[in-house]
Amino acid sequence: GECDFVTDVAGELPMQTINQLMAVPEEHRRHIVQLADEIIAGGGGRARGGPDDPGIILAGLGHQMAAERRGKDGTDLISLMLRATYQGEPLDEVGFAGLFVQIAVAANETTRSLLAGALLALLENPDAYRELEEDHSKIPTAVEEMLRWVTPVHYFRRTATRDVELRGKTIREGDRVVLHYTSANFDEDVFPEPDRFDIHRDPNPHLAFGWGEHFCLGARLARLEARVFFEEMFDA
């Protein structure tokens, strides 16, 4: 048969995984993905505000589930967030809403893009496809190349905290800068033959998960999801 691989397959695994971790009721799961997609489609700008804003609706769903679990001993991710502290203080409502929305959006959209883009790369490189199909032990190394090749998050905007010179250009404290992770992951000074999809590439110092204090919170989960996904796909 036929399917839309992006939504019907690649999107299904991260959706079910993060929603099970947060113990989201089944009736809310697809709605959360829909809201997350609308937030991404908005370009990451400031919230529009108002009752129709997808970020506000998504935060409201998070608060609704949090209210039902507050003060209980649940082990799901939302319950753990309610008991978490930051710098010795529990998360306030704004902090909880921001963290919930960030997890809901990032956990769905990025892994979906990774799995879909990785399968496309394998279809365009049939020798690599057959090699992984025959030897699953090569999948973890291949996943790192998939992360480099796809780079699910292409860029972020940050603010410079101090003056710095980078390749002859001066960036001043307070300047807004755009970090293009895709460009970094295809840097010919770091990666030999960067435009070649190489499932044996090792070492592979890609920046698909970011860097420093902004390193992806779900990196280990994303790697696990990708590895298990392709193991199961090649066994199907």
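Is R167 buried or exposed? In this predicted model, R167 is exposed, with a relative accessible area of 69%. This briefing concerns the salt bridges of the structure, 15 of which are counted. Side chains of opposite charge can pair when their charged atoms come close.

**The pair R167 and D189**

- R167 takes part in a salt bridge with D189, at a distance of 3.3 Å from N to O.
- This pair links distant parts of the chain, 22 residues apart.
- D189 lies in the loop between helix 9 (181-185) and helix 10 (219-235), whereas R167 lies in the loop between strand 4 (164-166) and strand 5 (169-171).
- D189 is exposed, as its relative accessible area is 58%, and the cut-off for this class is over 50%.

**The pair R30 and E12**

- The closest N and O atoms of R30 and E12 are 3.1 Å apart, and the two residues form a salt bridge.
- Because R30 belongs to helix 3 (residues 26-41) and E12 to helix 2 (residues 12-21), the pair ties together parts that are 18 residues apart in sequence.
- E12 has a relative accessible area of 22% and is partly exposed.

**The pair D163 and R172**

- A salt bridge joins the side chains of D163 and R172, with 3.6 Å from N to O.
- D163 counts as partly exposed, at 43% relative accessibility.
- R172 likewise counts as partly exposed, at 47% relative accessibility.

**A network of three residues**

- Salt bridges also link E145, R148 and R201 in a network.

How values were computed. Residues numbered from 1 in each chain as written. Predicted model: local features only at pLDDT ≥ 70, side-chain atom pairs only at ≥ 80, totals over all residues. Heavy atoms only, no water. Salt bridge = Lys/Arg side-chain N within 4 Å of Asp/Glu carboxyl O. Helix = DSSP H or I, 4+ residues; strand = E, 2+ residues; numbered from the N terminus. Buried < 20%, exposed > 50% of the residue type's maximum accessible area, 1.4 Å probe, protein only.
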